[in-house]
Amino acid sequence: MKRLIFLLIAIAGICFSAFSQVGLNIDRLLNSKYTSDPNVTETYISGDRNKFLRKHNLTAFLTFKGPADKYGKMAEGLIIADAAKAVGKDVRYKGGRLYCGLYTLKPATVKGRKVNRYLYYINTGAVKGKHLMIVYLEGTLSEAEAHKLIRSMVRKVK
């Protein structure tokens with residue numbers, strides 16, 4: 001059973017490396033490296049037949065959720081490094097720390113198609129029981145559609 005799980009993780013890692021977030025600093029978090037931590041949740045969705053992706057004009061949807069006190073400083077540094085290359089930003093700070101940000105990244109070409117890329121980050125604080133979340137969106141959705149999707153996700157989490 002352990003071999004099967006390891007094999008599936010290895011295959012997933014190879015498949016997900018095809019996404020355009022490769023080359024971004026957040027790829028260090030979005031690569032199944034921390035899934036052995038029971039407090040970490042990662043989601044990877046891709047494929048032309050996925051209803052969620054089609055509904056939101058996405059080609060890829062990746063998330064990382066983990067304890068803020070454990071991953072916050074590292075994640076914030078990675079996000080800030082990627083944000084330096086963003087073409088659009090909507091950012092909020094609390095207590096001098098990055099609290100939340102939605103970044104519009106430069107479009108990329110995937111399989112000969114131009115795709116828009118968005119990076120969302122929220123860190124509710126390095127308080128016991130609090131989490132940070134990173135969401136990477138890739139597809140033909142507009143910036144307004146990305147904001148709307150993120151807002152709907154945040155409402156469901158609260």
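Which residue in E6 does Phe64 stand opposite? In this predicted model, the residue across from Phe64 is Ile134 of E6.

The protein has 158 residues, of which 44% are buried. Its secondary structure consists of four helices and six strands, and the order of elements from the N terminus is α-β-α-β-α-β-β-β-β-α. When contacts between residues at least 6 apart in sequence are considered, 52% of them join residues at least 24 apart. The accessible surface amounts to about 9400 Å², and carbon and sulfur atoms account for 56% of that surface.

Strand E2 covers residues 58-67, and nine of these 10 residues are buried. E2 pairs with strand E1 (residues 41-46) in an antiparallel arrangement that contains six bridges. Within this pairing, Ser46 has Ala60 of E2 as its bridge partner. E2 also pairs with strand E6 (residues 131-139), again in the antiparallel sense, and here nine bridges are found. The position of Phe64 opposite Ile134 in E6 was noted at the outset.

Thr63 is another residue of strand E2. With a relative accessibility of 5%, Thr63 is classed as buried, because the cut-off for burial is under 20% relative accessible area. Strand E1 spans residues 41-46, and strand E6 spans residues 131-139.

Strand E5 (residues 113-123) contains Arg117. Arg117 is buried but takes part in no salt bridge. The nearest side chain of opposite charge belongs to Glu138, at a distance of 6.0 Å. Arg117 therefore lacks a salt bridge with Glu138, since such a bridge requires a side-chain nitrogen within 4 Å of a carboxyl oxygen. A polar atom of the Arg117 side chain does lie 2.7 Å from the backbone oxygen of Lys106.

Arg113 also belongs to strand E5. In contrast to the buried Arg117, Arg113 is partly exposed, with a relative accessibility of 45%. Apart from neighbours within four places in sequence, Arg113 is in contact with Thr59 and Ala108. The C-alpha atoms of Arg113 and Thr140 are 9.3 Å apart, while the two residues are separated by 27 residues in sequence.

Four salt bridges are found in the whole structure. One of them joins Arg97 to Glu76, with 2.9 Å between the closest N and O atoms. Arg97 is partly exposed at 34% relative accessibility, whereas Glu76 is buried with a relative accessible area of 10%.

A further salt bridge is formed by Asp82 and Lys85, whose closest N and O atoms are 3.7 Å apart. Asp82 is buried, and its relative accessible area is 0%. Lys85, on the other hand, is partly exposed at 41%. Arg92 and Asp90 form another salt bridge, in which the closest N and O atoms are separated by 3.6 Å. Both residues of this pair fall in the partly exposed class: Arg92 has a relative accessibility of 45%, and Asp90 has a relative accessible area of 29%.

Ala84 is located in the loop that connects H3 with strand E3 (88-94). Ala84 is exposed, at 62% relative accessibility, because the exposed class begins over 50%. In sequence, Ala84 is 19 residues from Tyr103, and the C-alpha atoms of these two residues are 9.6 Å apart in space.

Note on methods. Residues numbered from 1 in each chain as written. Predicted model: local features only at pLDDT ≥ 70, side-chain atom pairs only at ≥ 80, totals over all residues. Heavy atoms only, no water. Buried < 20%, exposed > 50% of the residue type's maximum accessible area, 1.4 Å probe, protein only. Helix = DSSP H or I, 4+ residues; strand = E, 2+ residues; numbered from the N terminus. Pairing = 2+ DSSP bridges. Lys, Arg positive; Asp, Glu negative; His and termini not counted. Polar contact = N/O pair within 3.5 Å; in protein donor to acceptor, adjacent residues only side chain to side chain. Contact = heavy atoms within 4.5 Å. Areas by Shrake-Rupley, 256 points an atom, 1.4 Å probe, with all protein chains shown as cover.
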